[in-house]
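Please read the following note with the structure open beside you. It is arranged as numbered points, and each point can be checked by eye.

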Amino acid sequence: MPFSHFEPPHLTKRVIVKKTSRYWKRTCAWILAPVLIGLVGVGMAQASDYAFEINTWIVNRIPWASILYMPAGFALIAYIARRFFPGTQGSGIPQTIAVIDDPDHKKKSNLLSVKILVGKIAMLLGGLTIGASIGREGPTVQVGASIMHAFYGYGTLRTAAQRRMLALSGGAAGIAAAFNTPLAGIMFAMEELTKKYIFNAHSSTLLTVILSGLISMALVGNYTYFGYTNESLSLLTNIPAILVCGIAGGLTGGLFSLIVQKISVTPPPKIRKAIQEHPLIFAAICGLVVAILGLLTDGLVYGTSYQPTRMTLESDSTCLVWYYGAAKFIATLVSTLSGIPGGLFAPTLSVGAGIGDNVYALFPNLAPHGAIIILVMSAYLSGVTRSPLTSFIITMEMTGSHQMLLALMAVSLLATLVSRYVTPVPLYHALSQKFIAPQESPTTVHSKS
């Protein structure tokens, strides 16, 4: 045997150990990380419920106190986010999209990291405790992506494509763990997180979503967030209902997206200057607006508004005050603009439920009350996010309305088309531009939805 081909046994063993270690670290990212996402997702859900229970306790005893503590609380959380945890503001989905869309191979610790994870969870709980109109789904996406992203750079996970896949998988798993909706998690990854990249249906993303979903189900059971509904709606015989609900949801959802973009992404110079020079005062004003709306609705607009949403879903007729939908719309809008961390999905579905209550009041013979509520919930979410597939699937999974599949598909697609005429750019992708480095930022955002 030639000497050049001879390899000492100790060197061969070292190579084997090195390769085994490298592939073991890569395997941990696709097994250990999803388990952690499932555990953290369930923990966030339980902690969020507890935080809102504290808010409910305060509101029931001294409701007027919100006028004092909400402006101060909004300002304090906005200050902490800006000073100690930059990159945690808002939903967390735009940050995740910015990381996925970044072609560079470097780790994006300013947007996805353990520090971001800790700050996001802490301030989300703080916001829910004081009653901000926010949800936990967007933060869970950023938290899930941060957990997966933490494994980047270990083993063989060192390319830009692998970094994107880690963030994508973590974000999708976050949606699945947040509301026990694994199908919505996969669709969210395909439709919302990968508008610029082709999603590989056979990738490790599926394993990540499945594992995190299994952990969630093992801990809290196979539940639907808003309970189950017996409502059914035939597509062909209920076209008028689908048209009315789709147009109503698309117009109002597009309006929400347009206002957020006009103030957060491309504000007029005077508004931009005022917010930049006095961000804490602006946050305090937003908190005051939410407090006033809470007093007008007996606290119904606070937090995710889970109770009023479920109440109207289970009712056979209108049961909310006529201005609830508009009040929740404004409360969610100012909470989003304030700069405090918090998600949009659950509050957005609640706005849709309120608007659906209004639609039924105007057209009581259009369709059953529960069916109208579910249709407008899906339509409004689709109008806000411009992600029709994710919208109808997450609405279907959260309400147990599988028998309305075709009607939900139709109303979500219609709402997306209507929303596109109101604002041409999808909300999350417009917001993600704020987190892209100037040298990498495109001059325009092109809609691919």
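1. A residue is called buried when its relative accessible area is under 20%, exposed when that area is over 50%, and partly exposed in between, using a 1.4 Å probe and the protein chains only. The model is a predicted one, in which local features need pLDDT of at least 70 and side-chain atom pairs count only at pLDDT 80 or more, while totals for chains, interfaces and linings use all residues. Residues are numbered from 1 along each chain as its sequence is written, and side-chain values rest on heavy atoms, with hydrogens and water left out.

2. Helices are DSSP runs of H or I with at least four residues, strands are runs of E with at least two, and both are numbered from the N terminus. Helix 5 covers residues 137-149 and has 13 residues, reaching 18 Å from its first C-alpha to its last, which is close to the 18 Å expected; the expected span is 1.5 Å times one less than the number of residues. Since 13 of the 13 residues of helix 5 are buried, this helix is largely enclosed by the rest of the structure.

3. Helix 14 is mostly covered, with 15 of its 18 residues buried. In the loop between helix 14 (345-362) and helix 15 (369-385) lies Leu 366, which counts as partly exposed because its relative accessibility is 22%. Leu 366 and Ile 242 are 124 residues apart in sequence, and their C-alpha atoms are 9.5 Å apart in space.

4. How many aromatic pairs does a search of the whole structure find? The search finds four, where rings of Phe, Tyr and Trp (its six-membered ring) pair if their centres lie within 6.5 Å, and where planes under 30 degrees apart count as stacked, over 60 as edge-to-face and the rest as tilted. One of them joins Tyr 79 and Phe 84, whose ring centres are 6.2 Å apart and whose planes stand at 90°, so this pair is edge-to-face. Tyr 79 is partly exposed, with a relative accessible area of 37%, and Phe 84 is partly exposed as well, at 40%.

5. Phe 256 and Phe 329 also form an edge-to-face aromatic pair, with 5.6 Å from centre to centre and 85° between the planes. This pair links distant parts of the chain, because Phe 256 belongs to helix 9 (residues 239-264) and Phe 329 to helix 13 (residues 324-337), 73 residues apart. Phe 256 is buried, with a relative accessible area of 1%, and Phe 329 counts as buried at 11%.

6. Phe 84 has a further neighbour to examine. Arg 83 lies over the face of Phe 84, at 5.0 Å from the ring centre; a charge sits over a ring if NZ of Lys or CZ of Arg is within 6 Å of the ring centre and within 35 degrees of the ring normal.

7. Side chains of opposite charge can pair when their charged atoms come close. The structure holds one salt bridge, a term that requires a side-chain nitrogen of Lys or Arg within 4 Å of a carboxyl oxygen of Asp or Glu. Glu 314 forms it with Arg 310, the closest N and O atoms being 2.9 Å apart. Glu 314 is exposed, with a relative accessible area of 54%, whereas Arg 310 is partly exposed, at 26%.

8. Most residues other than glycine have a negative phi, and most peptide bonds are trans. Asp 298, although not a glycine, has a positive phi of about 60°; Asp 298 lies in the loop between helix 11 and helix 12 (306-313) and counts as exposed at 70% relative accessibility. Arg 386, likewise not a glycine, has a positive phi of about 60°, and its place is in the loop between helix 15 and helix 16 (388-399). Is Arg 386 buried or exposed? At 1% relative accessibility, Arg 386 counts as buried.

9. Gly 87 is buried, with a relative accessible area of 8%, and its C-alpha is 7.1 Å from that of Ile 116, 29 residues apart in sequence.
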